[in-house]
Amino acid sequence: TNKSPVTLAQVTPIARLTGEYEVLVVPAASQFRSLADFVKAWKVNPGRLAIAGGSAGGTDHMLAGLLATAVGVDVTKVNYVPHSGGGESIASLIGNQVSAGINGLEELAPFIKAGRVRPLAISSDTRLPGIDIPTFVEQGVNLTVANWRGVVAAPGITGQQRAELASLMDRMRQSAEWKAVLAKNNWIDMYQPAPGFEAFLKQEDARATVVLKSIGLIK
């Protein structure tokens, strides 16, 4: 969005490691009891339903744009309210200042558990073990998004250097220490070795470009 001279196309992908799924929630007092309820009202007047989330152009915003496209809502009329951090967007939800919100599961989990917000859908392919939140897919909306993290190296490294780094990541991923870190932080293992990660980055870049154009952040 800022026309950065540095892009992911310039780095050497090594491995995707972890990820987090996004959740669409509404305030506890909301009239919307399901994704279908929300979408029905959203279609009638997209601008009236403010959706809180993180910074403009981030994963939260992209999910709002993807959801609008998937259910037939005019993306240019989506009333997305960006915040500098998850705490601010959640505060606006709890204070009933917005109709809905989008954020990562880990940040929303305590508020869902406390009953202060109601989850309508999660962006995973299938339901997560121990998480009683229906997916968009199971509710008839073909939409999955993950906010992933990975490791990349500098451009121009040799094939041997890349192979050594890839091997290091693979060994780390299989270690007891790494599995303990995943469990401690509630991180989702989304490990993907170099060849697949490289193809995935290209797909993500293409999808992000389409979404950001549709919501008017890039021309």
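Let's start with Thr 135 and what it touches. Leaving out neighbours within four places in sequence, Thr 135 is in contact with Ala 121, Ile 122, Ser 124, Asp 125, Thr 126 and Arg 127; contact here means heavy atoms within 4.5 Å. Where does Thr 135 sit? Thr 135 is in the loop between strand S5 (117–122) and strand S6 (146–153). Buried or exposed? Thr 135 is buried, with a relative accessible area of 2%. On that scale, buried means under 20% relative accessible area, exposed means over 50%, and partly exposed is in between, with a 1.4 Å probe and protein chains only. The side chain of Thr 135 also has a polar atom 2.9 Å from the backbone nitrogen of Glu 138.

Quick word on where this comes from. This is a predicted model, in which local features need pLDDT of at least 70, side-chain atom pairs count only at pLDDT 80 or more, and totals for chains, interfaces and linings use all residues. Residues are numbered from 1 along each chain as its sequence is written, and side-chain values use heavy atoms, with hydrogens and water left out.

OK, zooming out to the whole chain. How many helices and strands are there? The protein chain has seven helices and seven strands. Both are DSSP runs numbered from the N terminus: helices are H or I with at least four residues, strands are E with at least two. Reading from the N terminus, the order is β-α-β-α-β-α-β-α-β-β-α-α-β-α. The radius of gyration is 19 Å, close to the 17 Å that the globule rule gives for 219 residues, so the chain is as compact as a globular protein of that length. That radius is taken over C-alpha atoms, and the rule is 2.2 Å times the number of residues to the power 0.38.

Of the 219 residues, 43% are buried. Among contacts with a separation of 6 or more, 74% are between residues 24 or more positions apart. The accessible surface comes to about 11600 Å², and 54% of that belongs to carbon and sulfur atoms; areas come from the Shrake-Rupley method with a 1.4 Å probe, and for residues only the protein chains shown count as cover. As for charge, there are 21 positive and 18 negative side chains, and the centres of the two sets lie 5 Å apart. Lys and Arg count as positive, Asp and Glu as negative, while His and the chain ends are not counted. Each charge is placed at NZ of Lys, CZ of Arg, CG of Asp or CD of Glu.

Pro 119 is in strand S5. Setting aside residues up to four places away in sequence, Pro 119 touches Val 23, Leu 24, Val 25, Ile 112 and Ile 133. Over in strand S6 we find Val 152, which is partly exposed at 37% relative accessibility. And what does Val 152 contact, beyond neighbours within four places in sequence? The partners of Val 152 are Val 11, Thr 12, Pro 13, Ile 14 and Phe 197.

Pro 46 is in the one between helix H1 (35–44) and strand S2 (50–53), and at 11% relative accessibility Pro 46 counts as buried. Leaving aside neighbours within four places in sequence, Pro 46 is in contact with Val 73, Lys 77 and Asn 79.

Asp 74 is in the loop between helix H2 (59–71) and strand S3 (79–82) and is partly exposed, at 37%. The side chains of Asp 74 and Thr 76 are joined by a polar contact of 2.7 Å. A polar contact is a pair of N or O atoms within 3.5 Å; within protein, one must be able to donate a hydrogen and the other to accept it, and residues adjacent in sequence count only if both atoms are side-chain atoms. Asp 74 and Ser 214 are 140 residues apart in sequence, and their C-alpha atoms are 9.4 Å apart in space.

Last stop, two asparagines. Asn 96, in the loop between helix H3 (86–94) and strand S4 (100–104), has a positive phi of about 60 degrees although it is not a glycine. Asn 186, in the loop between helix H6 (176–185) and strand S7 (188–193), has a positive phi of about 55 degrees, and it is not a glycine either.
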